[in-house]
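Reader: Hey, could you walk me through the aromatic rings in this one? I'm new here.

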Amino acid sequence: MSRTVYLDGDFIAEEDAKVSVFDRGFLFADAIYEVTSVLEGKLIDFPQHLKRLHRSLSELNMQEACNDKKLLEIHRKLVKANDLQEGIVYMQITRGVADRSFFYPDSETKPTLFLFTQKMNLIEAPSAKNGIKIILIEDKRWGRCDIKTTQLLFASMSKMEAKDKGVDDAWLVSDGKINEGTSNNAYIVTHDDVIVTRDISNKILSGITRIAVLKCAEKLNLTIEERPFSIEEAKNAKEAFVTSASTFVTPVIEIDAKLIGTGKPGEVSQKLREIYLQEARKVAI
Ligand code: PDD
C-alpha cells in the first residue's frame, strides 16, 4: 500500500513525489533533517525537534521552509493520512534547486520540504528487550556533527561494517574517546551508578532524546557526568546504552566482543527507558 507523503505544499502518493535532479540535497547533501517519533498517533518532543531544526538551518545559512505552526500542522496531517500509531515522521529541508555550483545560490532559491512517515515497532523492539552488540570504529565523519545534515554515508558504512561483523551497530571513536553511535548518542553507567556521556560539541549531535533522558536521570537522582569517556571505561562499565528518537533508550550488552556487566540489559538502562517513555507520553502532542 502506498504512503501519503508531503512535498512542497502537497500531500501526495509516494510514487508521485518527484524532486529535481538539480536539487542541492541530491548533488551536495545540502540538506538537513529531523526524525520525530510517534506513539499512539502523537508526536514526541516535537518543540525540541523544531528548535534543533532552526539551529541546523541557521548554521548552514539556509532559509526556513515555512513557519513552526505550519510544520506542526503538516506533521499531524501526515500522521493522520497514514493512520500512523507508532513509528516516525522524517522531515527534510534542502537548499533547493539550482545550477550546480559549490557556492550557495542566492537567497531567492526556494527550499525543498519533504516529509514521510514510517511505521515501526518502537516499544516492542527486540533490541530494547535483548540489548544490542556494538563494535568500535574510528570516527571519520566531518567536523560538524552538531548539524543534522543528510550527509550520512560514513554512518551507513559503519553500520554495514557492524552488520558484516555480525553485530548491531557501531560507536565512533576519536583519540581513544567515544563520540557517539552511528545514529544515536552513547552512554555508560559506572560501577557507582554514574551516567557518563560525551559533552556537547561539534563531535556529536545534541540528541533530543539525550536531553530528555538526562532529565529523567536527574529525577532518579543519578549523577551525570558529561565528558569524554575512554574505550577502556566503556568496556569495563557496569552498563551501556544508546538513545535516539527511533530507539528511545536501548541497552548495549557487548562492545567489541567484550560483555558489558552481566551481558544482559542493565537495571539503570531499563529504568531510564521506562521513565523516559512515561515522560514522553506526557509531552506528546
Ligand atoms: N538519528 N547522533 C546521531 C549521529 C544521530 O543520527 C542521532 C539521531 C542521534 C540522536 O538524536 P535524537 O535523540 O534527536 O534522535 C545522535 C536519527 C534517529 C536518524 O538519523 O534516523
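**Rings and their partners**

Author: Ring pairs join Y33, Y90, F114 and F116 into a cluster. Keep in mind that this is a predicted model, where local features need pLDDT of at least 70, side-chain atom pairs count only at pLDDT 80 or more, and totals for chains, interfaces and linings use all residues. Residues are numbered from 1 along each chain as its sequence is written, and side-chain values use heavy atoms, with hydrogens and water left out.

Reader: How many aromatic pairs are there in the whole structure?

Author: A search finds 8. Rings of Phe, Tyr and Trp (its six-membered ring) pair if their centres lie within 6.5 Å; planes under 30 degrees apart count as stacked, over 60 as edge-to-face and the rest as tilted. One of the pairs is F114 with F116, which is tilted, at 5.7 Å centre to centre and 40° between the planes.

Reader: Is F116 buried or exposed?

Author: F116 is buried, at 16% relative accessibility, while F114 is partly exposed at 23%. Buried means under 20% relative accessible area, exposed over 50%, partly exposed in between (1.4 Å probe, protein chains only).

Reader: What about W171 and F229, how are their planes set?

Author: Their planes are at 80° with ring centres 6.2 Å apart, so that pair is edge-to-face. Both W171 and F229 are buried.

Reader: Switching topic: which ring does the charged end of R24 sit over?

Author: That's F28, with the charge 4.5 Å from the ring centre. The cut-off is NZ of Lys or CZ of Arg within 6 Å of the ring centre and within 35 degrees of the ring normal. R95 also lies over a ring face, that of Y104, at 3.3 Å from the centre.
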